Amino acid sequence: MHNEALIPYLLLLGDSALVQGQRLCEWCGHAPAIEEELALMNVGLDLVGQARNWLEYAAELLDDGRDADALAFRRDERAYRNLLLVEQPNGDFAVTMTKQFLYDAWHFAVLQGLVGSRDERIAGIAAKALKEVTYHLRRSSEWVQRMGGGTEQSRQRMLAAIPALWRFTVELTAASDNEVRLAEAGIAAAPATVGAAWLKQVSETFASVELPLPKAASHFYLDSRKGLHTEHLGLLLAEMQFLPRAYPDATW
């Protein structure tokens, strides 16, 4: 029963990091400045590395012959458990950094809760990832402030990006019954604590440059924890999985 409850949680963490990392790497060759291209790629690679750690653990618990690579590249869309937020298209730089910030604020709060997990494997992965995500959050929050309090054009782009993404944040303050039980067992991060920390971080960052905070999202018709995704994930996976599926026995 422990494994049945833990596997979906590990997939939530691993798939979210993997998909967000893939989205960031789509900026390669398209970023507004060379420094930003390097920064985006570094954050993306951090997230891919974290995804490997979570998916390796999930693969061990599944014990069905699949490894982390197979979980990453050979599952169908409905088998992914990533947050709806991270699968959304990059849009312009304001959309990308707003999405990164909203995810980072959640990710940071989750990892803070996981470093004290009773599961030593989870605690170890979280402690390593938290060092990287601390930088991710600092960087993305500074970009939100820079664009929100910058030129009229940058501010207008932020004012357009926030409501476009906000509906997907309902998953950042909600949790499945499974996650609640894991938290009560001292294994997962407490959803209520994570939600409160996320909202505090977002509220304070937006307020610092007078960006409006939308009303709390209360419902969305899709649910990534049940494998119900937007149309964007399927298109992303088609590109991401092409080579591993076309040449399943290839080695480097």
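Reply: We begin with a definition. A cavity is a set of grid points where a 1.4 Å probe fits but cannot get out, and its lining residues have an atom within 4 Å of a point. The model shown is predicted.

Me: How many cavities of 30 Å³ or more does a search of the whole structure find?

Reply: Rolling a probe the size of a water molecule over the atoms shows where empty space is left. In this structure the search finds one cavity of 30 Å³ or more. About 110 Å³ of space lies in this largest cavity.

Me: Which residues lie nearest the centre of the largest cavity?

Reply: The lining has 16 residues, and those nearest the centre are Trp106, Val110, Glu179, Pro191 and Val194. Helices α1 (2–25), α4 and α8 each supply at least two residues of that lining. By class, the lining residues are 12 nonpolar, two polar and two charged.

Me: What lines the second largest pocket?

Reply: A pocket, unlike a cavity, is an open set of points. The second largest pocket holds about 170 Å³ of space. Its lining includes Val170, Glu171, Ala174, Ala175 and Ser176, and also Ser218, His219, Phe220, Leu222, Asp223 and Arg225. These lining residues divide into five nonpolar, three polar and three charged.

Me: Next, aromatic rings. How many aromatic pairs does a search of the whole structure find?

Reply: A pair of aromatic rings is described by the distance of the centres and the angle of the planes. The search finds eight aromatic pairs in the whole structure. For Phe93 and Trp143, the ring centres are 4.9 Å apart and the planes stand at 85°, so this pair is edge-to-face. The angle that counts for that label is over 60 degrees. Phe93 belongs to helix α4 and Trp143 to helix α5, so the pair ties together parts 50 residues apart in sequence. Both Phe93 and Trp143 are buried.

Me: Which residues do ring pairs link into a cluster?

Reply: Phe101, Trp166, Trp198 and Phe206 are linked into a cluster by ring pairs.

Me: Now single residues. Is Ala94 buried or exposed?

Reply: The cut-off for buried is under 20% relative accessible area. Ala94 has 2% relative accessibility and therefore counts as buried. Ala94 lies in helix α4, which covers residues 93–114. Apart from residues up to four places away in sequence, Ala94 touches Met147, Arg157, Met158 and Ala161. As a case of separation, Ala94 and Val180 are 86 residues apart in sequence and 33 Å apart in space, C-alpha to C-alpha.

Me: Where does His229 lie, and what does the side chain of His229 reach at 2.8 Å?

Reply: His229 lies in the loop between α8 (191–208) and α9 (231–240). At 9% relative accessibility, His229 is counted as buried. The side chain of His229 reaches the backbone oxygen of Tyr80 at 2.8 Å, and a polar contact of 2.8 Å joins the side chain of His229 to the side chain of Glu87. Leaving out residues up to four places away in sequence, the residues that His229 touches include Glu77, Arg81, Asn82, Leu84, Leu222 and Ser224.

Me: What does the side chain of Ser117 reach at 3.0 Å?

Reply: The side chain of Ser117 reaches the backbone nitrogen of Asp119 at that distance. A polar atom of the Ser117 side chain also lies 2.8 Å from the backbone oxygen of Ile187. Ser117 sits in the loop between α4 and α5 (120–148), and its relative accessible area of 10% makes it buried. Beyond its neighbours within four places in sequence, Ser117 is in contact with Ile122, Ala123, Gly186 and Ile187.

Me: Last, backbone angles. Which residue other than glycine has a positive phi near 60°?

Reply: Glu210 has a positive phi near 60°. Glu210 is in the loop between α8 and α9 and is exposed, with a relative accessible area of 64%. Asp63, also not a glycine, has a positive phi of about 50°. Asp63 is in the loop between α2 (34–62) and α3 (68–73), and at a relative accessible area of 66% Asp63 is exposed.

Key
Residues numbered from 1 in each chain as written. Predicted model: local features only at pLDDT ≥ 70, side-chain atom pairs only at ≥ 80, totals over all residues. Heavy atoms only, no water. Helix = DSSP H or I, 4+ residues; strand = E, 2+ residues; numbered from the N terminus. Buried < 20%, exposed > 50% of the residue type's maximum accessible area, 1.4 Å probe, protein only. Contact = heavy atoms within 4.5 Å. Polar contact = N/O pair within 3.5 Å; in protein donor to acceptor, adjacent residues only side chain to side chain. 1 Å grid on protein atoms, 1.4 Å probe; cavity = no way out; pocket = protein on both sides within 12 Å on 5 of 7 lines; lining within 4 Å. Points joined across faces, edges and corners; volume = space filled by probe spheres on them. Nonpolar A, V, L, I, M, F, W, Y, C, P; charged D, E, K, R; others polar. Phe/Tyr/Trp six-rings, centres within 6.5 Å; stacked < 30°, edge-to-face > 60°.
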